Amino acid sequence: MIYRPFYEHVVYPLYHWAMKDGANQALRELTANESLDVEGLRRVTERKLANLLVHAARNVPYYREAFKDAGITAADAADPSCLGAIPLLSKPLINRHLDDLVATDLTGNGLDPNSTGGSTGEVLRFYTDWHSGAYRKATVLRNKRWLGINPGDREIRLWGAPLDFAKSKSFRSRLHAVITGERLLSADHLDDQRLESYLRTCKSFRPKLLVAYPSALRHFAEFCESRSATLPSLQAIICSAESLFDHDREVIERALGTRVFNRYGCREVGDIAHEARGVEGLLINSDRVRVEILDEAGRECEPGTQGEVVVTDLDNLGMPLIRYRIGDYATRAPTFVEKESRYPFPALASVDGRTLDVVRTTTGHRVGGTYWTLLLRSRPGFSRFQVIQTAPDLVRIHYLPEPGTTPEFDYFRREIAATCGDALRVEFVEVSELRHEPGTKYRLVISELP
């Protein structure tokens with residue numbers, strides 16, 4: 001296709017040159033880092049980390065106090081080895097100290113507001129700066145190139161993030177989608193009629209890449225397989241935002257006839273790690289984020305041992321997230337795996353947390369996790385919640401009450417009935433704590449159906 005290289009080599013760089021957003025420079029830097037050896041990449045990342053820590057010590061009120069309490073001076077901050085002495089950052093801390101986490105010096109930079117409920121349903125508000133935005137874009141392009149996907153290649157996303165859908169409705173986003181060859185499809189209500197529509201869209205649009213939640217994609221793959229439908233244009237599939245289980249990968253690859261690659265990231269810091277062709281495990285974008293895998297005592301885990309994921313965004317100077325606890329669990333790859341890789345990046349053997357199940361109704365609807373997050377956050381009453389399907393006609397919603405409010409149970413039942421049908425019974429159960437399987441992030445939606 002003539003347009004694809006024209007977009008990659010002319011339209012994309014020209015657009016970002018005109019925007020003066022730094023994306024071209026960021027892409028050049030990240031691409032060059034791929035050719036470094038392990039020691040060269042380590043020096044690059046340590047310089048970025050030292051710059052971030054010094055900046056935070058001088059310009060971010062929260063870290064000025066945190067560093068002072070930890071006995072870290074501005075001079076100490078220039079040494080990346082002081083990172084382990086910095087206290088961990090959590091979602092409640094960010095919400096409590098949002099204004100103090102913003103840098104007082106934003107010269108030549110700017111902030112974009114952002115938020116996420118993640119797979120926990122706990123609302124988090126934060127800012128990403130323009131500098132890190134450029135590196136986020138560049139990281140996405142680099143990771144796709146590892147799969148043989150280039151800018152301008154057609155892409156369909158089977159997705160459900162509310163911010164993405166809100167942005168996609170604007171004229172600018174629609175024009176951007178046409179130019180870049182991207183199409184966004186909702187993963188919320190996957191009944192057969194919608195799946196049939198999505199299949200027609202894929203056949204006519206002929207995407208080279210499909211990006212989706214694993215749970216939603218498995219339903220789409222099974223639907224395609226049941227109709228003996230194939231998508232010959234597909235050359236790669238990226239699964240993200242949930243745990244990708246081996247049995248799901250097997251079904252998806254068999255049904256859609258192409259390889260599935262796992263992507264690990266979060267809205268707060270962007271893409272953290274990504275599978276690549278010819279590489280075992282998920283390569284960590286270590287020139288973008290510093291990843292620690294910690295045990296319960298806060299010590300770095302040995303390769304092959306599961307621990308909590310703690311990340312530091314090396315590029316977000318406007319609102320630094322240093323040693324941020326995402327709430328996920330992962331396992332670092334053995335050293336020999338990293339040595340055998342043709343890339344200089346460290347690797348994760350697996351990401352062991354994060355999953356959203358799908359509620360199945362007696363009418364054949366499959367309702368994804370994003371639907372429940374949007375609905376149950378649309379009215380006051382719940383501080384956190386968990387949706388558990390115990391029978392084909394029964395869903396129990398366990399919740400922690402929001403102080404000073406009364407949940408609008410009748411409203412929620414009406415909305416659920418409109419989507420899932422009257423046959424689905426809904427019970428609301430106030431609890432003191434939510435289900436949490438040891439070693440994993442707790443699941444927002446749990447299906448106990450066989």
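**Figure legends: helix packing and overall fold**

**View 1. Packing of helices H9 and H10 in the predicted model.** Helix H9, formed by residues 192-205, packs against helix H10, formed by residues 214-226, at an angle of about 80 degrees. The axes of H9 and H10 lie 10 Å apart. Because angles of 65 to 115 degrees count as roughly perpendicular, H9 and H10 are therefore described as roughly perpendicular to each other.

**View 2. Residues at the contact of H9 with H10.** Helix H9 contributes Asp192, Leu195, Glu196, Tyr198, Leu199 and Cys202. These residues meet His219, Phe220, Phe223 and Cys224 of helix H10. By residue class, the contact of H9 with H10 comprises seven nonpolar residues, one polar residue and two charged residues.

**View 3. Secondary structure and dimensions of the protein chain.** The protein chain contains 14 helices and 19 strands. Its radius of gyration is 22 Å, close to the 22 Å given by the globule rule for 450 residues, so the chain is as compact as a globular protein of that length. The C-alpha trace of the protein chain spans about 65 × 60 × 45 Å along its principal axes.

Methods. Residues are numbered from 1 along each chain as its sequence is written. This is a predicted model: local features need pLDDT of at least 70, side-chain atom pairs count only at pLDDT 80 or more; totals for chains, interfaces and linings use all residues. Side-chain values use heavy atoms; hydrogens and water are left out. Axes are lines fitted to C-alpha atoms, for helices over the stretch in contact, and angles run from 0 to 180 degrees between N-to-C directions. Helices (H or I, at least four residues) and strands (E, at least two) are DSSP runs, numbered from the N terminus. Angles under 35 degrees count as roughly parallel, over 145 as roughly antiparallel, 65 to 115 as roughly perpendicular and the rest as oblique. Contact means heavy atoms within 4.5 Å. Ala, Val, Leu, Ile, Met, Phe, Trp, Tyr, Cys and Pro count as nonpolar, Asp, Glu, Lys and Arg as charged, and the others, Gly among them, as polar. The radius of gyration is taken over C-alpha atoms; the globule rule is 2.2 Å times the number of residues to the power 0.38.
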